Amino acid sequence: MITVENLSFSYTKNPFISGMNFSVSKGEIFGFLGPSGAGKSTLQKILIGMLRTYQGSCLVNGIECKKRTKQFYENIGVDFEFSTMYEKLTAKENLQFFSSLYEKEPRPIEELLKLVGLEQDANKRVADYSKGMKSRLNFIKALLHDPILLCLDEPTSGLDPTNSRMIKHMILEEKAKGKTILLTTHNMQDAAELCDRVAFIVNGKICALDSPHSLIMSKGAATVTYTWIENGEHSASCPLERISSDERLKGLIVQNRLQSIHSNEPTLNDIFMEITGRTLL
């Protein structure tokens with residue numbers, strides 16, 4: 001679906017994105033992970049044809065992005081981090097307007113509003129929406145024309161845990177339909193839950209690219225911590241791969257004396273910090 005080769009871009013004389021190479025398969029959720037200012041949103045703007053003065057090659061659905069035409073957008077849905085709705089119009093009026101821009105038959109507006117819990121607020125002006133409501137409305141706007149590629153920029157930003165879970169569930173449903181999804185975020189939990197692969201981006205370069213699980217397990221840092229009571233509470237830890245040789249742990253299991261046991265794996269944020277020396281925030 002996407003092939004990027006030797007991509008470079010700059011807003012000034014100084015390089016911003018430099019020598020970037022990656023590809024995204026059809027039906028994959030691919031995440032761009034990095035701190036603010038790393039180049040994630042700029043890369044997304046290149047991939048959707050907004051920035052065309054780049055060097056190298058950037059093919060999306062077989063089309064070079066700098067040569068895109070109107071037809072290019074019939075297959076792409078974009079959810080920017082900040083609302084792009086017309087504040088004086090109602091939610092329903094906004095969706096009706098944006099759906100009219102495409103040649104495709106739009107998905108039922110009432111159905112989309114219901115999916116994100118906004119059916120009762122369909123006729124309310126967007127200016128009266130909360131940040132979370134705007135975020136949900138912005139998300140379904142990207143689904144209106146049933147695109148084959150979704151570009152999502154911080155889709156759960158400003159959402160409470162319940163609505164965040166709902167949006168993530170909808171993203172996975174779109175993937176199940178065969179959609180390709182680009183997820184731009186600095187939220188490592190979202191990336192770990194949703195992405196098939198992630199690219200760590202710092203200072204306009206990809207520092208690592210793999211599945212979240214592979215990145216985490218490659219460090220071999222998983223440990224098991226357990227507690228028991230013996231003249232007070234005690235705890236101990238051992239590497240996950242060595243639990244079969246931990247005699248104390250085996251004895252506590254046989255004696256049914258364990259109070260708790262859990263594994264500790266590094267998070268994507270831990271791996272990101274180790275690889276890049278930066279945090280995701």
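Let me start inside. In helix H4, the buried residues are Gly132, Met133, Lys134, Ser135, Arg136, Leu137, Asn138, Phe139, Ile140 and Lys141. Buried means under 20% relative accessible area, exposed over 50%, and partly exposed in between, with a 1.4 Å probe and protein chains only.

A word on the source. This is a predicted model, where local features need pLDDT of at least 70 and side-chain atom pairs count only at pLDDT 80 or more, while totals for chains, interfaces and linings use all residues. Numbering runs from 1 along each chain as its sequence is written, and side-chain values use heavy atoms, with hydrogens and water left out.

What do the buried residues of H4 pack against? Strand S6 (76–79), helix H2 (91–99), helix H3 (109–115), strand S7 (149–153) and helix H5 (161–176). Contact here means heavy atoms within 4.5 Å. Helices (H or I, at least four residues) and strands (E, at least two) are DSSP runs, numbered from the N terminus.

Now the whole protein. There are 9 helices and 13 strands. Of the 281 residues, 45% count as buried. The C-alpha trace spans about 70 × 50 × 30 Å along its principal axes. Take contacts with a separation of 6 or more: 65% of them join residues 24 or more positions apart.

Next, strands. Two strands pair if DSSP finds at least two bridges between them. S1 (residues 2–9) runs antiparallel to S4 (residues 55–60), with 5 bridges. Thr3 stands opposite Leu59 in S4. On S5, Leu59 has Glu64 as its bridge partner. S4 and S5 (residues 63–64) are antiparallel, joined by 2 bridges. They form a hairpin with 2 residues between them, and Asn61 in the turn has a positive phi of about 55°.

Last, the open sheet. Its 3 strands have the order S12-S11-S13, with antiparallel pairing. Why is one side of S12 and of S13 left without a neighbour in the sheet? Because S12 (233–239) and S13 (258–264) stand at the edges, each with a single partner strand. The twist averages 15° from one strand to the next. Helix H8 (residues 247–254) packs on this sheet and touches S11, S12 and S13. The direction of H8 makes about 50° with that of S11. Axes are lines fitted to C-alpha atoms, for helices over the stretch in contact, and angles run from 0 to 180 degrees between N-to-C directions. S11 (residues 223–229) and S12 share 7 bridges. Thr227 has Ser235 in S12 as its bridge partner.
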